[in-house]
Amino acid sequence: MSESKPDVLILGAGVIGLSCAWYLLQQGRSVTLLERATAGAGASHGNCGTLTPSHAAPLAMPGMPAKALRMMWQRDAPFHVAPRPDLELLGWMLRFAGRCNWTDFHAANRAKAAILTHSRALIGDLVEREALDCGYAANGTLYVFREQRALDEFAWHAQSLREVGVAVQERSKAQLHAAEPCLLDSVIGGIFHPGDAQLRPDRYVAELARLVRAAGGVIVEQCEVQDFLVEGERIAGLKTRHGTHRAAEVVLALGAWSPQLGRRLGLRIPLQPGKGYSITYTRPALCNRIPLVLKEDSVCVTAWDDGYRLGSTMEFAGYDTRLNRLRLDALRRGAARYLHEPEGPQLLEEWYGWRPMTWDDMPILGRSARWKNLSLATGHGMLGVSMSLASGQLLAELLAGGSTTLDPRPFSPQRFRL
């Protein structure tokens, strides 16, 4: 058994944990990350890799409960709840429904736009400064529609983004097909988000891990926390099969796994694992230049020089480890409604991962009220990569105790009494 004592222990080496580590190391702190699997193996690995201030609008909005109810009984719909007795999920959904009003929507929209826009800028700067090899491109994203009614009903989206300073541009059918010949003639219009960007998420996380190690950070993989040692209101240590780890500060950044470990500390972290899927191929001959969101079918399509991915969907099925073939087939069918070549010539990977979903659709960033040396960095939903560097910067600033670049109040654990 060995014992280490850095300044900060971070539980989780996904994109959020690594981002926290990077900024803490820039402050001169010593940092160790404890990872239950391998760095970046969770939701950081197989998502669509888009950096999207355009996704500022929270999921909780007026009309969403009725829309979700219509879809949840369709097993291949973009949103699905696996029928099962789960009181925690029921409570989460009731609280989510309570947030579906315009007052809460506008408050969350402002806060999410701020963290997403800032993080997008930080990631672009880091990629350029450190020459990260991760397929980064600042090409924007494009939402495309097949139905005029759906496009007309989506007008609120552009207005809500403009209100919080996110650029939006409408695109006609002719403009779309001139820019993206991969689209079928059935696509009738779209909305372009010039401030968005893309990267290859697995490579970005690998590069971030490389930077953390080069800066002196230690990443201990295959190291699941078994128990906590507590003294009064402080976490004195963590027991793992690699030995006991101690630090002045502990950061919980375990994504969708955060509630399970939080219970050992008496914390009821209000997260649900939202299961997302993706399919990765080699690149088709006729391929999109920028990331697409096929709006009616809720499918994201991202292409890189060396790959091509269909992704999205939301399934609340607990921690079910099965690869749901219906969800994967829905991605393929959805893409076929919009694209000349919806699939690449060679299948490389079929994947799922759990997103840490809060019922107010906001991350949890800051110090715990229950434990004096515990901070939380979790709950980023579908936007962990997009929010990553801004989250890490904010968490490091909060631990330093000085001023913060972003207003931390909308993301505070105190709103959940954690």
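1. In this predicted model, Arg-367 stands opposite Ser-375, a residue of β21. The strands concerned, β20 and β21 (residues 374–378), run antiparallel and are joined by 4 bridges.

2. This pair belongs to an open sheet of 6 strands with mixed pairing, ordered β10-β3-β2-β14-β21-β20. At its edges are β10 (218–220) and β20 (364–367), each of which pairs on one side only. From one strand to the next, the twist averages 20°.

3. Two helices that pack on the sheet deserve mention. Helix α1 (residues 15–26) touches β2 (8–11), β3 (31–34), β10 and β21; the direction of α1 makes about 170° with that of β3. Helix α11 (residues 384–400) also packs on the sheet, where β14 (249–252), β20 and β21 are touched. The direction of α11 makes about 15° with that of β20.

4. Which members of the largest nonpolar core touch the most other members? They are Ile-10, Leu-18, Leu-33 and Tyr-204, in a core of 63 residues. Beyond its neighbours within four places in sequence, Leu-33 is in contact with Ile-10, Gly-12, Ala-13, Gly-17, Leu-18 and Ala-21, and also with Val-212, Val-218, Ile-219 and Val-220.

5. Another core, of 39 residues, lies apart from the largest one. Among its members are Val-220, Ile-235, Leu-238 and Phe-316.

Terms used
Residues are numbered from 1 along each chain as its sequence is written. This is a predicted model: local features need pLDDT of at least 70, side-chain atom pairs count only at pLDDT 80 or more; totals for chains, interfaces and linings use all residues. Side-chain values use heavy atoms; hydrogens and water are left out. A nonpolar core is a set of buried Ala, Val, Leu, Ile, Met, Phe, Trp, Tyr and Cys residues joined through side-chain atoms within 4.5 Å. Buried means under 20% relative accessible area, exposed over 50%, partly exposed in between (1.4 Å probe, protein chains only). Contact means heavy atoms within 4.5 Å. Two strands pair if DSSP finds at least two bridges between them. Axes are lines fitted to C-alpha atoms, for helices over the stretch in contact, and angles run from 0 to 180 degrees between N-to-C directions.
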